Amino acid sequence: MTLKIITDPNPTLRKKADLIEHPLSAGIQALIPNLIKTMHNDKGIGIAAPQVGESIRLIVINIKDGPLVLINPKIVAKSIRKEVEEEGCLSVPGVFGMVKRYKKVKVAAVDQKGEKMTMAGEGLLARVLQHEIDHLNGILFTDKIIRKTTDKAHGEKVL
Ligand SMILES: [Zn+2]
């Protein structure tokens with residue numbers, strides 16, 4: 001089942017999302033596959049639970065090996081270097097802009113079983129992780145836009 005994506009302005013997008021406890025509730029277990037379907041359906045490369053109106057610390061990112069579910073993700077290390085690239089967001093339709101992000105980040109999270117995990121990302125993956133974790137803290141990419149872009153082909157950068 002695909003879920004309805006809430007769009008800016010909506011107070012849920014501005015809330016600090018709640019930590020998730022293990023074992024996962026039946027509701028959260030059911031939410032995860034639907035969140036993945038919604039991300040694929042809308043051609044997103046990442047999605048955060050608050051974008052479907054659930055104010056909990058859950059994100060999914062679409063990587064080469066398939067969707068990766070990160071629960072209670074937290075940035076634990078970041079590069080000194082930043083880079084500026086274009087972003088868009090499923091919750092802010094039609095808006096694209098250049099955003100400065102850390103070039104590399106390392107994220108600690110737990111998986112669906114509650115096992116600790118860490119992952120490092122660089123470039124687009126680092127950008128997706130930062131964008132989605134911002135959603136858990138009530139931050140939208142439009143808060144960080146340096147310059148709006150209107151003429152470029154945006155295609156794959158909707159987060
Ligand atoms: Zn977004």
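Where is the place of glutamate 132? Glutamate 132 sits in helix H2, residues 124-136; helices here are DSSP runs of H or I with at least four residues, strands are E runs of at least two, and both are numbered from the N terminus.

1. A word on the basis: this is a predicted model, where local features need pLDDT of at least 70, side-chain atom pairs count only at pLDDT 80 or more, and totals for chains, interfaces and linings use all residues. Residues are numbered from 1 along each chain as its sequence is written.

2. The unreviewed UniProt entry annotates Glu132 as "active site"; such annotations may be inferred rather than shown by experiment, and feature names are shortened, with positions in the numbering used here. Glutamate 132 is buried, because 26 other C-beta atoms lie within 10 Å (buried means 20 or more, exposed 12 or fewer, partly exposed in between, with C-beta atoms placed from the backbone).

3. Leaving aside residues up to four places away in sequence, glutamate 132 touches Gly46, Ala48, Ile59, Ile61 and Leu159; contact means backbone-placed C-beta atoms within 7 Å.

4. Please look at two cis peptide bonds. The bond from aspartate 8 to proline 9 has omega near 0 degrees and is cis, and the bond from histidine 22 to proline 23 is cis with omega near -5 degrees. Proline 9 lies in the segment before helix H1 (26-41), and proline 23 is also placed before H1.

5. Lysine 43, not a glycine, has a positive phi near 55 degrees. Lysine 43 belongs to the loop between H1 and strand E1 (46-48) and is exposed, because 11 other C-beta atoms lie within 10 Å.

Methods
Two residues are in contact if their C-beta atoms, placed from the backbone, lie within 7 Å.
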